[in-house]
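Subject: Structure for your review

Dear colleague,

Please find below the structure that I am handing over to you.

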Amino acid sequence: MVNFKEDENLHVLNHSCAHMMAQAVKHLYPNAKFWVGPVVDEGFYYDMDLGDAVLNDEDIEKIEKEMKKIAKSGIKIYRREISKAEALEIFKDDPYKMDLLSNMEDGNISCYDQGDYTDLCRGPHVDNVKLCRNFKLVKHSGVYWKGDASNQVLQRVYGVCFPTPEELEAHLQLLEEAKERDHRKIGKDMNLFMSDDLVGRGLPMFLPNGYLVWQELENYIRTKEQKLGYQHVLTPCVGTVDLYKTSGHWDHYKENMFPPMEVEGESFVLRPMNCPHHMRIYANRPHSYKELPIRIAEIAHDFRFESSGTLKGIERGRHFCQNDSHIFVTPDQIKDEVKGVCDLIFSTYEDFGITDYRCVLSLRDPADTKKYHPDDEMWNKAEQALRETLNEIGIEYTEEIGEAAFYGPKLDVNVKPAIGNEITLSTCQLDFCLPAKFELTYIDADSEKKTPVVLHRAILGSIDRFMAYILEETKGNLPTWLAPVQVKILPIKNDDDELNEYVKKLKYALYDANVRVESDDRSEKFGYKMREAQIQKVPYIAVIGKKEAEEGNVSFRLHGEQETVTVKFDEFVEMIKEDIATKKH
RNA sequence: GCCGGAAUAGCUCAGUCGGUAGAGCACUUCACUCGUAAUGAAGGGGUCGUCAGUUCAAGUCUGAUUUCCGGCUCCA
């Protein structure tokens with residue numbers, strides 16, 4: 001997928017197209033005021049104040065038409081350097097431009113003229129509107145001015161622009177294909193999960209096939225963690241409100257929690273995360289520095305009252321199972337342990353063939369005193385420690401201000417789903433805050449009580465979200481070890497006793513090897529059964545006819561490939577076992 | 001939560017000017033026993049998301065509501 005922001009030519013072209021769109025909007029809505037119209041990874045957009053007008057799909061078509069007219073006119077685009085005084089005069093009727101100008105310095109201001117439209121802009125732009133003719137407006141939305149829900153709503157229109165009609169067409173094709181990869185569509189097609197109005201919004205349920213995949217993922221990560229010294233626990237999905245008041249989560253996140261249940265004078269909530277439970281497990285008995293690091297892990301069921309507009313299949317629901325762990329360390333152990341977590345993250349990605357990810361060092365915004373635990377010294381120490389460790393390990397990352405958790409900085413590993421915004425798959429968070437709040441201690445070598453440091457980390461993130469991502473990456477063609485049905489046996493005939501015996505023998509040999517196998521002995525045409533097995537995305541489709549039975553062979557098709565391969569019976573069973581054991585992708 | 005769009009059979013969708021519901025797939029039954037992506041025939045299946053309103057008459061028009069979709073905000 002092209003990146004409009006990084007490709008310089010596309011960047012200039014799309015930015016110019018945003019201006020052309022603004023010009024068209026100005027023609028149709030003479031009172032329109034314009035906020036910003038930047039190029040983003042997926043194209044361009046412009047945020048506009050159209051007074052009381054609210055755009056719908058039809059209006060977008062009208063704007064497209066007007067844009068085509070402008071592009072056809074072939075008017076030229078001119079750059080003009082202007083003084084701040086001039087700028088303030090030109091845009092005096094536009095409060096949005098005045099707002100922008102208030103932060104700009106004299107001598108560094110330019111604007112662009114194209115026919116009857118002038119816009120404040122740094123540029124550069126193409127020199128003629130006709131170069132912007134291969135465009136498409138792809139979506140629109142109401143957005144809060146400056147992203148603040150207390151501000152007025154502006155109209156945002158997104159578009160894309162390309163040098164040639166062929167490139168535009170190819171891009172639109174890609175957008176269509178992304179819809180086919182959407183995990184919600186795959187989940188429905190493959191009977192993996194469902195949702196139900198009566199159960200409730202944002203509460204997806206895993207069907208038998210989906211739960212098989214889910215269990216494989218759970219077993220995979222638990223086994224991996226066990227080898228690394230993680231100790232798995234099971235804790236309840238509810239806790240007292242006081243538990244979350246102690247941790248500080250209550251103050252920061254209560255509006256995103258299911259509201260409290262009052263029972264016998266006590267107040268409980270469904271838990272939105274597991275840190276407090278794990279803190280209390282640590283506090284269950286005294287600890288020596290010799291025991292640390294202590295790695296408490298849990299595939300933990302959590303509930304968050306996410307805003308209705310943010311729900312998205314199993315990628316973001318109101319219940320999910322976190323692949324969570326809290327690691328209690330001494331300050332000296334931070335680096336080694338963060339390194340260990342990073343190694344675990346990247347070895348997991350290797351197992352799944354995930355290569356397209358982005359690491360972010362998420363820091364606090366010191367100006368946002370409300371969101372973050374107020375202790376400058378603690379933050380400086382934590383951020384510095386995490387940054388140093390990442391540098392030492394040699395991880396490439398970008399720093400982002402204001403993305404930290406309220407209790408500490410974190411390393412986030414983000415990926416891009418088929419549709420929508422980047423999501424965080426893995427995280428490793430450094431926390432000097434909660435251990436103190438829970439008054440956790442260990443006895444150090446000098447017999448003094450000290451406060452441990454906690455690493456919060458998730459590798460698969462949540463099992464649910466990871467499954468969504470892996471479905472989209474593989475387009476539902478899961479690797480054999482994850483596939484709900486791993487082998488489908490198709491007998492050529494189903495009324496031949498000898499053949500049936502042979503099919504049964506193969507089936508039981510595979511059962512004995514712990515392979516998920518099904519045979520399709522319905523009295524349907526062979527081609528029909530083959531088609532159905534292909535649609536179900538079964539990795540191995542074994543074809544058994546007279547020929548195979550007589551020669552002790554198995555013919556099979558692998559993962560949608562057209563060719564059929566024939567091997568010996570035992571060889572086939574061994575091959576599948578090997579495939580599953582090595583988690584080949 | 002906010003802005004816009006959508007909702008018709010299990011699934012994908014058609015339904016014209018308001019006149020009482022349609023296809024393909026799936027399902028059931030029967031026949032066919034088949035060599036690599038759809039065998040044929042017959043049959044069952046719908047309070048047109050829900051609640052109001054307008055009308056002689058509403059899947060179709062109006063309002064509210066629920067859910068879903070695209071964005072925005074949020075994401076411990």
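I begin with Leu-510, which, leaving aside residues up to four places away in sequence, touches Val-487, Val-515, Val-517, Phe-572, Val-573 and Ile-576. Please bear in mind throughout that this is a predicted model.

**Nonpolar cores**

Leu-510 belongs to the largest nonpolar core, which holds 103 residues. Within this core, the residues that touch the most other members are Leu-217, Phe-352, Met-467, Val-487, Leu-506, Leu-510 and Phe-572. Helix H11 (residues 334-352) supplies the largest share of the core, namely eight residues. Apart from this core lies another, of 32 residues, which includes Ala-18, Leu-50, Ile-63 and Tyr-117. As general background, nonpolar side chains tend to be buried together in soluble globular proteins.

**The chain as a whole**

Chain A contains 18 helices and 28 strands. It has 585 residues, of which 49% count as buried. Its C-alpha atoms fill a box of roughly 90 × 75 × 50 Å, taken along the principal axes. Among the contacts in chain A with a separation of 6 or more, 70% are accounted for by residues 24 or more positions apart.

**Covered strands and their pairing**

Strand E15 (residues 294-303) is mostly covered, with nine of its 10 residues buried. E15 runs parallel to strand E11 (residues 230-232), to which three bridges join it; here His-232 stands opposite Ala-297 in E15. E15 also runs antiparallel to strand E16 (residues 319-329), and 10 bridges join these two strands. In this pairing His-301 stands opposite Cys-321 in E16.

E16 pairs in turn with E23, in the antiparallel sense and over seven bridges, and His-326 stands opposite His-456 in E23. Strand E23 (residues 453-462) is mostly covered, 10 of its 10 residues being buried. E23 also pairs with strand E20 (residues 423-431), again in the antiparallel sense, over five bridges. There, Cys-428 stands opposite Arg-457 in E23.

Among the helices, H10 (residues 275-282) is mostly covered, with six of its eight residues buried. The buried residues of H10 are Cys-275, Pro-276, His-277, His-278, Met-279 and Tyr-282.

**The surface near the RNA**

RNA strand B is surrounded by 59 residues, of which the closest are Ser-308, Arg-316, Asn-494, Arg-531 and Arg-557. Of the atoms of RNA strand B that come within 4 Å of the protein, sugar and phosphate account for 53%. The residues of this surface divide into 18 nonpolar, 21 polar and 20 charged.

- A polar backbone atom of Gly-309 is 3.4 Å from a base nitrogen of RNA strand B.
- An N or O atom in the side chain of Lys-371 is 3.5 Å from a phosphate oxygen of RNA strand B.
- A polar side-chain atom of Tyr-407 lies 3.0 Å from a sugar or linking oxygen of RNA strand B.

The elements that give two or more residues to this surface are strand E7 (135-144), strand E8 (153-161), helix H6 (183-189), helix H9 (249-253), helix H16 (526-535) and helix H17 (546-551). The largest share, seven residues, comes from H16.

**Two loop residues**

Is Lys-312 buried or exposed? Lys-312 has its place in the loop between E15 and E16. Its relative accessibility is 13%, and because buried means under 20%, Lys-312 counts as buried. Not counting residues up to four places away in sequence, Lys-312 touches His-183, Arg-184, Pro-417, Ile-419 and Gly-420.

Asn-151 has its place in the loop between E7 and E8. At 24% relative accessibility, Asn-151 counts as partly exposed, because this class lies between the 20% limit for buried and the 50% limit for exposed. Leaving aside neighbours within four places in sequence, Asn-151 is in contact with Tyr-144, Trp-145 and Lys-146. The side chain of Asn-151 reaches the backbone oxygen of Trp-145 at 2.8 Å. The C-alpha atoms of Asn-151 and Val-503 are separated by 68 Å, and these two residues are 352 residues apart along the chain.

With kind regards

Key:
Residues numbered from 1 in each chain as written. Chains lettered and ligands numbered in written order. Predicted model: local features only at pLDDT ≥ 70, side-chain atom pairs only at ≥ 80, totals over all residues. Heavy atoms only, no water. Core = buried A, V, L, I, M, F, W, Y, C linked by side-chain atoms within 4.5 Å. Buried < 20%, exposed > 50% of the residue type's maximum accessible area, 1.4 Å probe, protein only. Helix = DSSP H or I, 4+ residues; strand = E, 2+ residues; numbered from the N terminus. Contact = heavy atoms within 4.5 Å. Near = heavy atom within 4 Å. Polar contact = N/O pair within 3.5 Å; in protein donor to acceptor, adjacent residues only side chain to side chain. Nonpolar A, V, L, I, M, F, W, Y, C, P; charged D, E, K, R; others polar. Pairing = 2+ DSSP bridges.
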